[in-house]
Amino acid sequence: MRTGLQGKTALITGASRGIGRAIATALAAEGANVVLSSRRQESLDEVAAELRAAHPDAGVLAKAAHVGDADQAAACVEAAVEEFGGIDVLVNNAGTNPYFGPMVDLDLARAEKTVQVNQFAIVQWTSLAWKRSMAERGGAIVNIASVGGMVTEHGIGYYNATKAAVIHLTRQFAVELAPVVRVNAIAPGLVKTQLARALWEPNEEAISKALPLGRLGEPEDIAHAAVFLAGDTASWMTGQTLVVDGGSIVRPAIA
Ligand SMILES: NC(=O)c1ccc[n+]([C@@H]2O[C@H](COP(=O)([O-])OP(=O)(O)OC[C@H]3O[C@@H](n4cnc5c(N)ncnc54)[C@H](OP(=O)(O)O)[C@@H]3O)[C@@H](O)[C@H]2O)c1
């Protein structure tokens with residue numbers, strides 16, 4: 001079955017590297033126009049140049065925005081609509097983790113930053129995309145959560161709490177925006193990106209051995225799931241969170 005993404009327009013936050021970049025690349029390969037956003041324009045311009053070279057027919061726009069800044073978010077959504085006439089797919093991917101440690105030592109400033117970027121930004125960008133384009137045009141939203149939103153982990157408890165919120169926001173928006181827009185999420189396990197480097201780099205072999213599928217995730221593993229959820233391939237799915245984790249959460253509790 002085809003994804004039907006050819007000629008559609010997808011806006012991806014956090015598209016300059018890692019999972020977001022892989023998702024943008026995979027959507028462009030499906031023939032979608034892609035709007036790349038993250039904080040640094042130069043990094044986005046590099047990704048945009050690569051995508052234009054690889055997919056000369058795909059429209060590519062690079063527009064910097066801090067996901068937590070309402071004005072920058074609105075300007076990015078506006079730029080996408082001006083350039084391509086509307087938004088069909090929104091991928092809420094940008095994420096951050098400014099704190100590692102026990103939750104009892106977490107300070108308010110870093111807690112607020114985590115909520116702003118991982119949690120409220122999803123509400124903000126969904127609202128903008130809906131009001132500016134999707135309410136009329138329809139479409140699909142893919143939120144990037146984490147398996148950490150479903151289990152406990154040392155050191156990243158509050159980050160994971162915001163990811164649990166993403167899973168619930170996905171259900172709530174699925175109901176509020178139905179039947180016009182489908183809203184689903186992906187819960188990745190440990191993926192080899194900059195964000196998670198401190199978690200995987202020192203222990204890659206040991207962690208890989210403990211996973212049923214024997215390896216850590218690559219950004220492309222998540223991109224494949226994002227294309228599926230964004231496309232007609234998932235046309236009867238909404239409110240769901242697809243776990244893509246090499247089997248980490250189905251590991252036996254006692255090996
Ligand atoms: N890697 C994993 O193991 C893993 C597992 C589960 C879930 N996830 C989730 O997957 C998503 C992507 O993470 P990743 O692993 O690909 O991380 P990454 O390689 O560090 O990429 C993060 C992206 O988000 C952008 N970004 C960060 N803060 C931003 C902000 N305030 N405003 C706009 N853009 C911002 C970054 O660009 P700039 O710095 O230029 O803004 C970059 O493009 C996140 O939501 C993360 O929580 C990752």
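## Loop and surface patch

In this predicted model, Val-151 is found in the loop that connects strand E5 (139–144) with helix H5 (157–177). The relative accessible area of Val-151 is 36%, so this residue counts as partly exposed, the class that lies between the limits of 20% for buried and 50% for exposed residues. Val-151 also belongs to a nonpolar surface patch of about 380 Å², to which Met-150, Val-243, Ile-249 and Val-250 contribute as well.

## Helix H1

The buried residues of H1 are Ile-19, Gly-20, Ala-22, Ile-23, Ala-24, Ala-26, Leu-27 and Ala-28. Just after H1, Gly-31 adopts a positive phi of about 95°.

## Ligand surroundings

The ligand is surrounded by 29 residues, of which Ser-16, Arg-39, Asn-93, Tyr-159 and Thr-193 are the closest. For Tyr-159, a polar side-chain atom is placed 2.5 Å from an oxygen atom of the ligand, while for Lys-163 a polar side-chain atom is placed 2.9 Å from an oxygen atom of the ligand. On its own the ligand has 880 Å² of accessible area, and the protein covers 97% of this. Two or more residues of the shell around the ligand come from each of the elements H1 and H5.

Terms used. Residues numbered from 1 in each chain as written. Predicted model: local features only at pLDDT ≥ 70, side-chain atom pairs only at ≥ 80, totals over all residues. Heavy atoms only, no water. Patch = residues over 30% accessible without salt bridge, like charges linked within 9 Å, V, L, I, M, F, W, Y side chains within 5 Å. Areas by Shrake-Rupley, 256 points an atom, 1.4 Å probe, with all protein chains shown as cover. Salt bridge = Lys/Arg side-chain N within 4 Å of Asp/Glu carboxyl O. Helix = DSSP H or I, 4+ residues; strand = E, 2+ residues; numbered from the N terminus. Buried < 20%, exposed > 50% of the residue type's maximum accessible area, 1.4 Å probe, protein only. Near = heavy atom within 4 Å. Polar contact = N/O pair within 3.5 Å; in protein donor to acceptor, adjacent residues only side chain to side chain.
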